[in-house]
Amino acid sequence: MKIEIDNGSGFCFGVTTAIRKAEEELARGETLYCLGDIVHNGMECERLKQMGLVTIDHKQMRQLHNVKVLLRAHGEPPATYELARQNNIEIIDATCPVVLQLQKRIKKQYETPLSSPEGDTNVLPSIEAPSGAVGGASIVIFGKKGHAEVLGLVGQTEGSAIVIESFDEVKRLDFTRDIYLYSQTTKSLDEFHRIIAYIQQHIAPTATFKSFDTICRSVANRMGGISQFAARHDLILFVCGRKSSNGKVLYNECLRVNPNSHLIEGPEEIDPSWLNGIETVGICGATSTPKWLMEQCRDAISSNC
């Protein structure tokens with residue numbers, strides 16, 4: 001049986017940087033807290049826990065003083081930084097540069113809603129504005145409600161941004177208002193374009209619509225590669241934490257191309273019956289999947305063949 005690990009799978013730049021910063025701090029022997037799971041992968045979180053990383057939530061952070069807290073790649077809203085200042089907490093900021101830039105763009109748009117952020121030229125001929133929206137315009141974020149990154153983005157607008165999770169939800173928007181559309185960095189590019197097209201078709205003549213493609217290309221560019229990878233194998237094992245938004249997008253692409261695809265979190269979830277009559281196995285994963293975990297899955301299969 002041939003087993004291949006996808007070279008394009010594994011940690012993205014943002015996750016790699018966050019983990020490196022955590023390891024550097026832990027190597028100094030000091031206590032380091034992380035606000036939320038550093039990555040949506042239980043086994044990698046456990047590895048770092050064994051090194052001394054303490055994962056906390058926002059409620060627990062409010063009880064801390066005079067400590068170090070790492071902010072993961074997903075980013076945080078302004079309120080988290082203000083809490084750190086009040087509690088004399090040193091922030092180790094591992095926010096992904098792509099996410100950080102998106103936060104800045106949304107914040108600028110919120111503060112000057114009637115003008116496009118500097119450098120944006122993708123102007124299209126808007127969205128339901130919640131009460132208190134500045135200038136009567138609305139900022140819409142295509143993303144997963146409650147996701148850490150999305151909470152950080154909404155926080156740039158003092159909670160006034162509207163989050164839509166899928167194409168179906170775009171239909172509830174108020175198209176008589178100006179709409180400024182952004183996307184969580186790990187969402188599907190194709191679905192984002194469908195949303196743009198729908199708003200273009202339904203926007204009122206008196207309203208303005210501007211969209212900003214903020215999807216991370218290190219994620220979007222994996223779609224084509226993972227499609228080709230899934231197509232050339234009899235069986236696909238997609239290794240990913242089930243909390244990963246990016247993982248769901250990439251896994252669904254594998255499943256679309258190759259119905260014989262299975263999402264697993266680790267080698268213990270591999271069903272031996274999947275291997276019956278299989279000649280080639282492809283192992284791939286999300287931007288939150290460590291290479292060592294995919295290698296463990298490969299070795300588990302090899303040892304049973």
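**Sheet and helix packing in the predicted model**

Val 69 stands opposite Ile 91 in β5. The model is predicted: local features require pLDDT of at least 70 and side-chain atom pairs pLDDT 80 or more, whereas totals for chains, interfaces and linings use all residues. Residues are numbered from 1 along each chain as its sequence is written, and side-chain values use heavy atoms, without hydrogens or water.

Strand β4 (residues 68-71) pairs with β5 in the parallel sense, over four bridges. Pairing requires at least two DSSP bridges between two strands. Helices (H or I, at least four residues) and strands (E, at least two) are DSSP runs, numbered from the N terminus. The open sheet has four strands in the order β3-β2-β4-β5, with parallel pairing. Neighbouring strands are turned by 35 degrees against each other on average, direction ignored.

Helix α4 (residues 78-86) lies across β2 (32-35), β4 and β5. It runs at about 145 degrees to β5. Axes are lines fitted to C-alpha atoms, for helices over the stretch in contact; angles run from 0 to 180 degrees between N-to-C directions.

Helices α5 (residues 97-111) and α6 (residues 148-155) pack at about 30 degrees, with axes 8 Å apart. They are therefore roughly parallel to each other (angles under 35 degrees). Val 99, Leu 102, Gln 103 and Ile 106 of α5 meet Glu 149, Gly 152 and Leu 153 of α6 (contact: heavy atoms within 4.5 Å).

Methods. Angles under 35 degrees count as roughly parallel, over 145 as roughly antiparallel, 65 to 115 as roughly perpendicular and the rest as oblique.
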